Amino acid sequence: MSNPISTPMEFKNYRVFNYTLAGRPLVIETGKMAGLANGSVLCRYGETAVLCCATASEKPRDGIDFLPLSVDFDERMYSAGKIPGGYLKREGRPSEKAILTSRVIDRPIRPLFPKDLRNDVALTLTVMSVDPDCSPEITAMIGASIALSISDIPWNGPIGGVFMGLVDGEIVVNPNAEQQKKSDLQLTVAASMQKVVMIEAGANQVDDDTMFNAIMKAHEVIKDLLVFINGIIAEVGKPKFDYPSCELDHDMFDAIFAFCEKDVMNALDTDDKNVRDARMVPIKDAILEKFTEQYPDLPGMMEELIYKIQKKIVRRWLLVDKKRVDGRRMDQIRPLASEVGILPRVHGSGLFTRGQTQVLTAATLGTLSEAQMLDGIDSETSKRYMHHYNMPGFSTGEAKPVRSPGRREIGHGALAERSLIPVLPSEEEFPYAIRLVSDVVSSNGSTSQGSVCGSTLALMDAGVPIKAPVAGISCGLITAEDGSWDTMLDIQGLEDFYGDMDFKVAGTHKGITSIQMDLKIDGLTPEIIRRALEMTHIGRDYIIDEVLLKAIPAPRPEVSKYAPKMTTMKIDPDKIREVIGKGGSVIQKIVADTGAKIDIEDDGTIRIAAINSEQADAAKACIDAIVFEPEVGAVYTGKVTGIKEFGCFVEYAPGKEGMVHISKIAPRRIEKVEDVLKLGDIVKVKYMGLDKKGRPDFSIKDALN
């Protein structure tokens, strides 16, 4: 059999493009990997590498009225030199951070697709190598933009993205790992050449002006990056494919709109979502009865049709009449209410109500050993503060079963978590793991920011000494084709659905702790961003002073009687083995005898948790006895526990015995120990140090002086 013959592989379309971003090399490779995708690039930033692939189905999906876009940030543990934990030892469901990154990339990309595209589009961003100084999230965002831009998929990009920090008061572009540890700002900005399209931030009470300046500086950096990206598109970009438009028939829409316009206006003119939904039912029935014969496909289009009819009316009200659905002014917040301590056995609880949006948050305090362990591609391995968000079907009046949290629920929980982190006490000040659960019991817009407010109430009710109360509120936007626009504070459901922006800001009186911006248009101007920051600042100040602090003026001085009582102590690390004992026998006995939970760290820090202070004190006393070391020259009171010919043994501390030689028992010479002492006698002993054999040496006669 002859040998198979192979010729060397040639990648004729292979191209490499080089750029410098924040002082580090950005390298884009095309034409070598993933050639069957519609568009693909290997994006390298420093030593971080992400394979970014964009694919689309050949035909649109039938029976849907939305773009079926999926964005997956796919972490490979080998990228960080790690083997996955657990029994399977392979990657499973995405980590929370991967889900959040997918959302951050989805948000700026989605609005730039044609509104009538119904082809499935998938962005797969596979992290293959991680350089701690070069964010894989930003690398993936840039790579995703380029992959889409050079593909034949219709998309109105490109965009660019950067990560901004605030180190020692200076705004830093793409801070390295060391700078990120000291940064008071974690800001991700995505933008086109003309406008900012996405903002996501966590901040340590950063003021509005600093935040605005950081966003504007990010945009300037992105503009330069986009010049580089446009050069790549010009060289290797493909023509965009044609697709069948899924727009509604304009004649049909105009006829139905004229038929039901006044009825829909009447239905929408209420602040009660239930009333509005009930009023729409007969309108839908009337439309079907009158137009189905003329338009046989109408039943399948009804939801999209009603959406566009309502959208046209609501947007006209906001833009022309300055009228909101519930009659509020553009800068007016819905009615507010707050209450604490409504769940008697939990460690802390807060109920926050804003209009028909209502969030109940419960706080649970635990030992630091109950902190969440993390298995991801970055250096973070655990977190002591966890925030989980749930939105069951009944909150919107829907009959649907409870399911595990989706990406939206995970994202909203993470946003609330990020909002509260800057005001939490340190582990040293408050040695507890903290879990908050926000259950949305009624939803009509801005539940994530309701969760922030409810969380402040629950933390204060639980006795967590937060540095300052945090409130969150959203700002909406409505734009016209002529470029005019207006903003509105505290948007409800319809204004979110039919408006152009949901600009969520949480913070204290002092400054911002988080931002998340969702857009349905091609971006924001600096003037809109400035207005949104101003409006939300006024709104959160009002909520803090007039609602939250009136429900609970300050954190409770003590944790709930149902919360574990925590005691912290420090021992010599060399004594840890004695406290644990062989096979854990000693510490297990302490736990069994006292009922306390004990966590020991490698540096000798011991944290004791117990149902009450008596149990905690008992456990601490046991550990004190084990690690007790006498001081030379100090006098201790002890009990005679053993008598020998050469002397006696005295228990000078619980579980600690020392020997007193017969020559040091009395001021005079004695023949027998029993002439002076008997078992159980209480005596004073002085610690003389170690004898020649390295044993503790005590004296009774010297303690008498």
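Me: Which residues of H4 meet which residues of H11, and what makes this a contact?
Reply: Asp 208, Asp 209, Phe 212, Ile 215 and Met 216 in H4 meet Pro 526, Ile 529, Arg 530, Leu 533, His 537 and Arg 540 in H11, where contact means heavy atoms within 4.5 Å. By class, the residues of this contact divide into six nonpolar, one polar and four charged. This is a predicted model: local features need pLDDT of at least 70, side-chain atom pairs count only at pLDDT 80 or more, and totals for chains, interfaces and linings use all residues. Residues are numbered from 1 along each chain as its sequence is written, and side-chain values use heavy atoms, without hydrogens and water.

Me: Are H4 and H11 roughly parallel or roughly antiparallel, and why?
Reply: Their axes lie 11 Å apart, at an angle of about 155 degrees. H4 is therefore roughly antiparallel to H11, the term for angles over 145 degrees.

Me: What makes H6 oblique to H7?
Reply: The axes of H6 (residues 273-291) and H7 (residues 298-321) come within 11 Å and cross at roughly 125 degrees. So H6 is oblique to H7: angles under 35, over 145 or from 65 to 115 degrees have other names. The contact of H6 with H7 has nine nonpolar, one polar and two charged residues.

Me: How do you know that H4 reaches close to its expected span?
Reply: H4 (residues 208-236) has 29 residues and reaches 41 Å from first C-alpha to last, close to the 42 Å expected; that expectation is 1.5 Å times one less than the number of residues.

Note on methods
Helices (H or I, at least four residues) and strands (E, at least two) are DSSP runs, numbered from the N terminus. Axes are lines fitted to C-alpha atoms, for helices over the stretch in contact, and angles run from 0 to 180 degrees between N-to-C directions. Ala, Val, Leu, Ile, Met, Phe, Trp, Tyr, Cys and Pro count as nonpolar, Asp, Glu, Lys and Arg as charged, and the others, Gly among them, as polar.
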